[in-house]
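Here is a short tour for someone meeting this structure for the first time. Keep the sequence and the view side by side as you read.

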Amino acid sequence: MSKRKPYERELPTDWWLKHAFYTKYMIREGSSILITLYSLILAWGVFRLSQGPEAWQAWLDCLTHPLSILLHLAVLVLALYHTITWFSLAPKAADLWIKGKKLEDKPIVIGHYVALAITTIVALIIVAAY
Amino acid sequence: MEIIKTDVAIIGAGGGGLRAAIAVAESHPDLEVALISKVYPMRSHTVAAEGGAAGVVQDHDSLENHFNDTVSGGDWLCDQNTVQYFVENATRQLTQLEHWGCPWSRKEDGKINVRAFGGMKIERTWFAADKSGFHMLHTLFQTSIKYPSIRRFDEHFCLDLLSFDGKVQGAVLLDIAEGTTKVIQAKTVIMATGGAGRVYSYNTNGGIVTGDGMSMCYRHGVPLRDMEFVQYHPTGLPGCGILMTEGCRGEGGILVNKDGYRYLQDYGLGPEVPVGQTKNKYMELGPRDRLSQCFWQEQQKGNTIETKRGDVVHLDLRHLGEEKINERLPFIRELSKAYVGVDPVNEPIPVRPTVHYTMGGIETDANTATRLPGLYAVGECASNGLHGANRLGSNSLTELVVFGETAGQQAAQFAIDTKHVAVAKVRQAAQEVMDRTHALLHSEGTESMSAIRKEMGDTMEQGVGIYRTEASMQQTIDKLAELKQRYQNIAIKDKSSVFNTEFLYAIELGYLLDTAEAMAHSAILRKESRGSHQRIDGFEKRDDENYLKHSLAFYQAGNAPQIDYSEVVITTSQPAERVYGAAAEAKTDDAEVKHG
Amino acid sequence: MAETLIDIDILRYRPEEDDAPHLQTYQIPFDDEMSILEALQYIKDELDSTVSFRWSCRMAICGSCGMMVNGEPKLGCKVFLRDYFPNKITLEPLANFPIERDLVVVMDDFIEKLESIKPYIIPAQEKSIDDGEYIQTPEQMAKYKQFSMCINCGLCYAACPQYALNKEFTGPAALSLLARYNRDSRDAGGAERMKIVNAEEGVWGCTFVGYCSKVCPKGVDPAAAIQLFKVESAKDYLIAMFKPD
C-alpha cells in the first residue's frame with residue numbers, strides 16, 4: 001500500500017499581503033475599481049448635460065464638494081500608479097525587432113510616456129480652444 | 001511484486017539513454033521501451049556539458065583528421081574500428097539533433113558554426129553558446145515525448161540488474177516517491193547511467209554521477225575496462241569544482257601563472273601563440289591531460305597562486321571583450337560571478353584541475369554490446385574504445401548520440417529475436433534483490449556514511465590523481481578496502497519509505513566504492529605513463545610493448561578485483577609519439593618528407 | 001575565536017509520521033561561500049540525515065533544487081548564506097506544489113504540462129538528414145532562443161498566484177516552451193499549438209502578475225511569452241470572427 005500522502009497547502013486569502021510584489025500587483029488591479037468609478041461620474045455628467053443647464057450645474061456643484069475632491073485626488077494617484085506600472089510592463093507585450101535584435105525595454109517605455117505627453121497636450125489644447 | 005514486461009529497458013535518461021530510446025521508438029514503434037531514471041530526464045548530467053560536440057563540417061577538414069586527433073589524443077589506446085565508426089557518423093547525428101530543434105550556434109549565413117577545441121587540428125566543435133549539453137538534453141527529452149512507445153519511469157532508482165540463463169533479464173527498481181519496488185522484465189537492457197566522477201572529492205560532476213550502471217554491470221560479471229584513465233579537466237573553479245568550459249580557451253582565453261606568464265609553453269605546447277589568436281593543438285588548445293599535468297608541475301615549482309580555496313592559475317578572458325563573452329560564454333560569466341565572485345570581463349578566473357570524466361567503463365564492442373547477451377552500454381558509463389587513455393573535449397557529447405542510436409538499434413534487434421522467460425524465475429531473482437535491499441535499509445550499523453564518502457574522495461585524489469606512484473596507489477587500495485569493510489556496517493537512520501534519500505545515498509555509496517576500487521586496482525598494475533595515467537615512480541614513459549592493451553577489472557565478491565587485459569584494435573594508425581605544439585608540426589613535416 | 005553560527009528553519013513533512021508540515025530549526029557554522037544547497041548537505045551529513053531534498057549539478061543548470069527561501073522561490077545552489085546572514089533563513093518546499101516530503105514537491109502536474117504542449121519540432125515536411133541542416137540565421141534563432149533557456153525548475157509556478165488558484169492553468173514554463181517552438185523557423189506546428197494557447201486554461205488564465213519573470217533564474221521571461229501570445233490569440237479571435245466558415 002502506498003505510504004504517500006502529498007500535502008496540499010491552502011492559499012491563504014491574504015496571500016497578496018505576503019509579498020510586496022503581489023501587493024503592488026493587487027493595487028494595480030484594484031486601481032481599476034476607482035478608475036471605473038471615475039468614468040461613471042463622467043458618464044453621469046454627460047447624462048446630466050442632456051437634461052438641461054440646471055442639471056448640468058447641479059452636477060458641477062456636486063464635484064466641488066470636499067469629498068468629491070478627495071475622491072478625485074485618490075483617482076488621480078491611482079491612475080498615475082496604474083499608468084506607471086502598466087507602462088513598465090509594456091515591453092513584455094511588444095515584439096519589436098530592429099536589425100535582428102530585440103528592441104530594448106527602455107525605448108518602448110519612453111515611447112509610451114511620449115505618447116501620453118502628446119495626447120495630454122492635444123487634449124489640453126482642445127479644452128483651451130473652447 | 002509488480003512485474004512490468006517490456007521489450008527494451010533503458011537505465012539512465014541522459015543524452016545516451018534518450019537517444020537510444022528514440023532510436024528504438026523510431027525504427028520499431030511496436031516495441032515497448034521502459035526509460036528509467038533516478039531523476040527527471042532533464043536533470044541528467046548531460047545538462048552540465050558546456051563546450052560542444054565534435055563533427056566534421058568544414059571543407060578543409062576530413063574524417064581522417066578527426067580520426068587521427070582522437071586516436072593520438074587517446075594515446076593510441078583507442079579501438080580504431082570504434083573511432084572510425086564514430087567519426088563517420090558524428091556529423092550525421094549532430095545534424096539529426098539540429099532537425100529536432102537543437103539551437104546550435106550559427107554563422108551569419110544560417111549554417112552551423114564550429115569552434116576550436118583542445119587537441120583538435122581543425123575547428124569542428126558544434127556548440128550552442130556554452131550550454132551545449134543543456135540544449136542537447138532538452139532537445140532529446142522534448143523529442144522523446146513524441147513517441148508513445150516510450151514509457152518513462154522518472155525518479156525510479158535501479159537497485160540491480162537481473163541476469164540469469166546466460167543473459168540479462170531486466171532490472172529491479174525502487175519507485176523513489178512510493179518507496180516500493182517494481183520489477184522490469186526486459187528482453188534487453190541498455191545501460192546509460194553516466195560516469196563516476198563523484199568518487200573524487202573535487203569534480204565537475206553532479207551529485208547523481210555515482211557510477212551506478214558501472215557497478216551494477218561489474219557485479220554481474222561484465223568487466224570494467226580502462227578504469228585507471230580518469231580525466232582531470234584543467235579548468236574547474238577552485239573549491240566547488242564547477243566546470244569552466246574548454247570553449248573559453250577555444251575562443252581565445254589564456255592560462256597564466258602567478259607571474260602572469262603563459263606557462264604552457266614550457267611543457268612542449270609552445271611556442272607561445274600571441275594573445276587574441278588561437279592555434280589548434282598549441283598552447284591552451286592542447287589536450288586536457290597535458291594541461292592538467294602542467295598545472296601540477298607549476299604547483300611543484302611554486303608558480304601557482306595561493307588562495308583560500310587552494311592553489312590556482314588564472315584563466316584570462318578579458319581580451320575577448322564583453323560582447324564576445326556575452327555571445328559565446330554567457331554561462332561562464334554567470335557561473336564565475338556567482339561562485340567565485342569574479343566577472344571575467346574585468347578579472348581573470350581562478351581555476352584548477354578537477355576530475356571530470358571517466359574514460360573507462362563497462363566493456364563493450366564497437367556496437368555497444370557487452371559480453372553479457374542482451375546487455376548494451378552507452379555514454380560515459382561505457383568503454384567502447386573511443387577515448388583511449390584520454391578523451392578529447394567535445395567527443396563525448398557526440399558519442400552520446402552516435403552510440404545512443406547504435407545501442408537503440410542493436411537492442412531493438414535483440415528484443416525482436418528474443419522471447420521473455422517464464423515469470424517465476426524473474427520473480428525469484430527479483431526477490432533476492434529485494435531481500436538484500438530490505439536488509440540494507442534495516443541494518444543497524446554505526447559507521448557514518450558521509451565520513452566514508454569523504455575519505456573515499458580524499459584517498460582517490462591522493463592516490464589516483466594527476467600523478468601516481470606505486471606507494472600512493474597502494475595506500476589508496478588499502479584505504480578503499482577499509483572503507484568497503486566499514487560500509488558493511490553503515491548507519492541508516494531513516495527507515496521510511498517515501499522519498500528516503502538517505503537510503504539512496506547508501507546504495508550509491510556502495511556503487512561508488514566498487515567503481516573506485518576498480519580504478520585503483522587497474523591503475524597500480526599499469527606500469528607505464530599513458531594519457532591521463534601518469535606515473536612518477538620509474539614508469540614515466542609509455543610502454544607499448546607491455547601495455548598497449550586495455551585493462552579489464554573483474555569483480556570478485558568480497559575480494560579485490562581481478563585485473564586482466566585485452567587487445568587494442570589497431571587498423572590504420574600505428575602508435576607514434578604523442579606531440580603537440582611545434583613538435584607536432586615538425587613531426588608532420590618529417591612524415592611528409594618521408595612520404596614525399 | 002568562536003564559530004559564527006546561523007539558524008536555518010526547514011519545513012519538515014514526513015508523510016509516514018506527520019499530519020501536517022512543521023518547522024524544525026538547525027544551527028550550522030556560517031561560511032561566507034556556502035550556498036543554501038551546501039548548507040542543506042551539511043545538515044544532512046552532520047546533523048539530521050532524514051532531511052530530504054532534490055539536488056544534482058550545483059551549478060544552476062539541472063533545475064532540481066528549487067525551494068522557497070524566506071518566502072521567495074530560489075534555486076538552492078544559486079543563493080548563499082551571506083545573502084541572508086545574520087538573519088535566520090527559512091526553507092520551505094516550492095509553493096503551489098503538493099509536498100511529497102520535506103523540501104521535495106510532487107512535480108507530476110508540472111511535467112505533464114510540459115509534455116502537453118507538443119514540445120518538439122513539427123516540420124512542414126520531413127527533411128532528410130542527407131540534405132544537411134536547416135538554414136537558420138542568428139536573427140531567426142534570436143526570436144526563440146530566450147524561451148529555450150528554461151531549466152524546468154518550477155520556480156515560476158511557485159511564483160504564480162493564478163496557478164495557485166487554478167491548477168488547470170497551463171502556466172509560465174509550459175507556455176514559454178510552447179513559445180520556444182512556435183517561434184522557431186524550423187517549426188510548422190504553430191496552428192496546432194495555438195489551440196492550447198487559446199484554450200480557457202491557456203494564456204487567458206494569466207492576469208499578468210509578472211512575478212514569474214522576476215524569479216526565473218535563467219532570464220526566460222515567461223510573462224513576456226504569455227503576453228505576446230495574448231496578442232496572437234486576440235488576432236486569431238478577430239480573424240475567426242470575420243472569416244466565413
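The centres of domain 1 and domain 2 of chain A, taken over C-alpha atoms, are 23 Å apart. Domain 1 of chain A covers 17-90, and domain 2 of chain A covers 94-130. These values, like those below, come from a predicted model.

## Annotated sites in chain B

Start with the UniProt record. An unreviewed entry places the feature "active site" at Arg288(B). An unreviewed entry also places the feature "binding site" at His233(B), Thr245(B), His356(B) and Arg391(B).

Where does Arg288(B) sit? Arg288(B) belongs to helix H7 of chain B, which spans residues 288-300. Is Arg288(B) buried or exposed? Arg288(B) is buried, because 25 other C-beta atoms lie within 10 Å and the cut-off for a buried residue is 20 or more. Leave aside neighbours within four places in sequence. Arg288(B) is then in contact with Gly118(B), Gln231(B), His233(B), Pro234(B), Asn390(B) and Gly393(B). His233(B), one of these contacts, is also one of the positions that the record lists under "binding site".

Next comes His356(B). His356(B) lies in strand S15 of chain B, residues 349-358. The C-beta count within 10 Å is 27 other atoms, so His356(B) is buried. Residues up to four places away in sequence are again not counted. His356(B) touches Gly197(B), Asn203(B), Thr204(B), Gln231(B), Tyr232(B), His233(B) and Leu243(B).

Arg391(B) is placed in a loop, between strand S18 (382-383) and helix H10 (395-416) of chain B. Arg391(B) has 28 other C-beta atoms within 10 Å and is therefore buried. Not counting residues up to four places away in sequence, Arg391(B) touches Gln231(B), Tyr357(B), Met359(B) and Ser396(B).

Follow Gln231(B) through these contacts. Gln231(B) is in contact with Arg288(B). Gln231(B) also touches His356(B) and Arg391(B).

## A helix crossing in chain B

Two packed helices are described by the angle between their axes and the distance between the axes. Take helix H5 (residues 212-219) and helix H14 (residues 501-525) of chain B. Their axes come within 8 Å and cross at roughly 70°. Angles of 65 to 115 degrees count as roughly perpendicular, so H5(B) and H14(B) are roughly perpendicular to each other. Which residues meet here? From H5(B) come Asp212(B), Met214(B), Ser215(B), Tyr218(B) and Arg219(B). From H14(B) come Glu508(B), Tyr511(B), Asp514(B), Thr515(B) and Ala518(B).

## The sheet of chain C

Strands of a sheet pair through backbone hydrogen bonds, either parallel or antiparallel. Chain C holds an open sheet of five strands with mixed pairing, in the order S2-S1-S5-S3-S4. Strand S2 (22-29) and strand S4 (72-75) of chain C are the edge strands, each pairing on one side only. Neighbouring strands of this sheet are turned against each other by 35° on average, direction ignored.

Strand S1 (residues 5-12) and strand S5 (residues 89-92) of chain C run parallel and are joined by three bridges. Which residue of S5(C) is the bridge partner of Ile10(C)? The partner is Leu91(C).

## Backbone details

| Where | Feature | Angle |
|---|---|---|
| Gly270(B) and Pro271(B) | cis peptide bond | omega about 5° |
| Phe85(C) and Pro86(C) | cis peptide bond | omega about 5° |
| Asp75(B) | positive phi, not a glycine | phi near 55° |
| Phe208(C) | positive phi, not a glycine | phi about 60° |

Pro271(B) lies in the loop between strand S12 (254-256) and H7 of chain B. Pro86(C) lies in the loop between S4 and S5 of chain C. Asp75(B) is in the loop between helix H2 (63-73) and helix H3 (80-99) of chain B. Phe208(C) is in the loop between helix H7 (190-198) and helix H8 (211-215) of chain C.

Phe208(C) has 17 C-beta neighbours inside 10 Å and so counts as partly exposed.

Note on methods. Residues numbered from 1 in each chain as written. Chains lettered and ligands numbered in written order. Predicted model: local features only at pLDDT ≥ 70, side-chain atom pairs only at ≥ 80, totals over all residues. Pairing = 2+ DSSP bridges. Helix = DSSP H or I, 4+ residues; strand = E, 2+ residues; numbered from the N terminus. Axes fitted to C-alpha atoms, helices over the stretch in contact; angles between N-to-C directions. UniProt positions renumbered as here; feature names shortened; annotations may be inferred. Buried ≥ 20, exposed ≤ 12 C-beta atoms within 10 Å, placed from the backbone. Contact = placed C-beta atoms within 7 Å. Domains from an automatic or database assignment. Parallel < 35°, antiparallel > 145°, perpendicular 65-115°, else oblique.
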